[in-house]
Amino acid sequence: MAQSSLTTSEIKFLGDALLEDPDRAHAFGITDENWEAVLFDRLHLLRASYPNYQHLCQEQLQIPPDLTPLWELWIPLAVGLHQRRQALDRPLVQGILGGQGTGKTTMGAVLALLLSHLGYPTLSLSLDDLYKPYVERQRLQEQDPRLLWRGPPGTHEVSLGIEVLGQLRRGNTPVSVPRFDKSAHQGQGDRTQSETVQDIQVVLFEGWFVGMRPIDPHCFDDPPDPITTEADRTFARDMNDRLREYLPLWDCLDHLWVLTPVDYRLSQQWRRRAEQHRIARGGAGMTEGEVDRFVEYFWKALHPTLFLPPLLKTPGAVDLAIEIQADHTPGKVYRPA
């Protein structure tokens with residue numbers, strides 16, 4: 001979109017909107033001096049990418065092609081990634097931490113599309129792709145029956161993640177990337193055929209506890225619900241200890257974003273709704289009771305109210321925090337202290 005296609009008053013209106021929220025402006029590096037350049041960079045990317053964005057939303061994501069998150073969040077994030085990649089002499093690895101329903105998958109798909117328009121081939125990689133194979137997890141469950149579901153610390157092959165992210169950071173090409181099929185073995189899941197990728201310039205590495213760090217064990221002396229029994233507290237302490245195994249993997253990240261619901265309990269509501277929609281379309285899904293037990297299991301392992309606040313307060317640990325509202329739209333965006 002050329003500058004001449006906007007009137008002076010329209011430019012002023014859009015510029016004022018960019019600077020309206022000081023925290024958001026600071027998060028995206030917008031100042032009184034550069035706002036106009038930022039504005040036209042965003043408009044150019046919007047114009048170039050919107051037809052493909054519409055197609056992605058309608059055909060793959062099956063969501064409305066909403067302009068609000070595209071303009072207010074995804075385009076500025078993509079522009080920021082583009083700038084950070086330009087400052088490096090190697091591919092960039094961006095970590096994304098977010099619980100169930102926070103939109104990690106959607107964000108990854110949209111950012112990959114936008115970055116392709118900016119000239120950067122992008123790979124979306126999930127912590128889920130690093131799950132240990134089915135047979136190995138079965139043995140693990142026999143050793144520790146508390147590991148009812150895949151997901152908690154200890155169910156991933158951390159060394160594989162370090163190897164793959166290391167190859168991608170070094171710019172090796174081609175790279176064999178692990179993939180995981182959640183539908184295998186009646187929903188227990190298993191490794192599937194690896195994906196071979198080449199010339200990747202940006203890696204989006206997402207997961208429900210990507211970047212989380214161990215906390216003071218005394219935090220489990222009087223923990224929040226649903227950590228209520230002594231067995232629950234022991235499980236929580238053990239999961240906290242196992243997080244240490246993941247710290248070398250987190251060291252492979254260049255930056256970390258945290259997607260945090262305005263209320264962590266929204267994850268349970270979102271999962272219930274998703275299962276109801278799946279059942280309504282004729283698919284298999286969990287009942288409300290099963291959903292509640294499933295989500296609470298993960299809260300017992302790494303409770304959001306215990307692990308996220310100290311992470312957000314650790315200097316340099318998180319580059320950007322993005323609040324997710326009840327309707328899944330982005331709310332407050334800020335750089336943690």
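A residue counts as buried when its relative accessible area is under 20%. In this predicted model, threonine 102 has a relative accessibility of 5% and therefore counts as buried. Threonine 102 sits in the loop between strand S1 (92–98) and helix H5 (104–117). A polar atom of its side chain lies 2.7 Å from the backbone oxygen of glycine 99. Beyond residues up to four places away in sequence, threonine 102 touches Leu259, Pro261, Trp270 and Ile324.

The largest nonpolar core holds 54 residues. Leu165, Leu168, Phe205, Phe209, Leu249 and Leu302 touch the most other members of this core. Helix H11 (residues 288–301) provides the largest share, 7 residues. A second, separate core is made up of 47 residues, including Leu45, Leu56, Leu81 and Ile322. In the largest core, one of the residues that touch the most other members is leucine 165. With residues up to four places away in sequence left out, leucine 165 touches Val93, Leu125, Val203, Phe205, Leu249 and Cys252.

The second largest pocket contains about 360 Å³ of space. Its lining comprises 17 residues, of which Ala27, Phe28, Pro76, Gly80 and Gln83 are the closest to the pocket centre. Helix H3 (35–61) and helix H4 (67–87) each contribute at least two lining residues. H4 gives the most, with 7 residues. By type, the lining of this pocket consists of 9 nonpolar, 3 polar and 5 charged residues.

Key:
Residues are numbered from 1 along each chain as its sequence is written. This is a predicted model: local features need pLDDT of at least 70, side-chain atom pairs count only at pLDDT 80 or more; totals for chains, interfaces and linings use all residues. Side-chain values use heavy atoms; hydrogens and water are left out. Helices (H or I, at least four residues) and strands (E, at least two) are DSSP runs, numbered from the N terminus. Buried means under 20% relative accessible area, exposed over 50%, partly exposed in between (1.4 Å probe, protein chains only). A polar contact is a pair of N or O atoms within 3.5 Å; within protein, one must be able to donate a hydrogen and the other to accept it, and residues adjacent in sequence count only if both atoms are side-chain atoms. Contact means heavy atoms within 4.5 Å. On a 1 Å grid over the protein atoms alone, a cavity is a set of points where a 1.4 Å probe fits but cannot get out, and a pocket is an open set with protein on both sides within 12 Å along at least five of seven lines; lining residues have an atom within 4 Å of a point. Grid points are joined across faces, edges and corners, and a volume is the space filled by probe spheres set on the points. Ala, Val, Leu, Ile, Met, Phe, Trp, Tyr, Cys and Pro count as nonpolar, Asp, Glu, Lys and Arg as charged, and the others, Gly among them, as polar. A nonpolar core is a set of buried Ala, Val, Leu, Ile, Met, Phe, Trp, Tyr and Cys residues joined through side-chain atoms within 4.5 Å.
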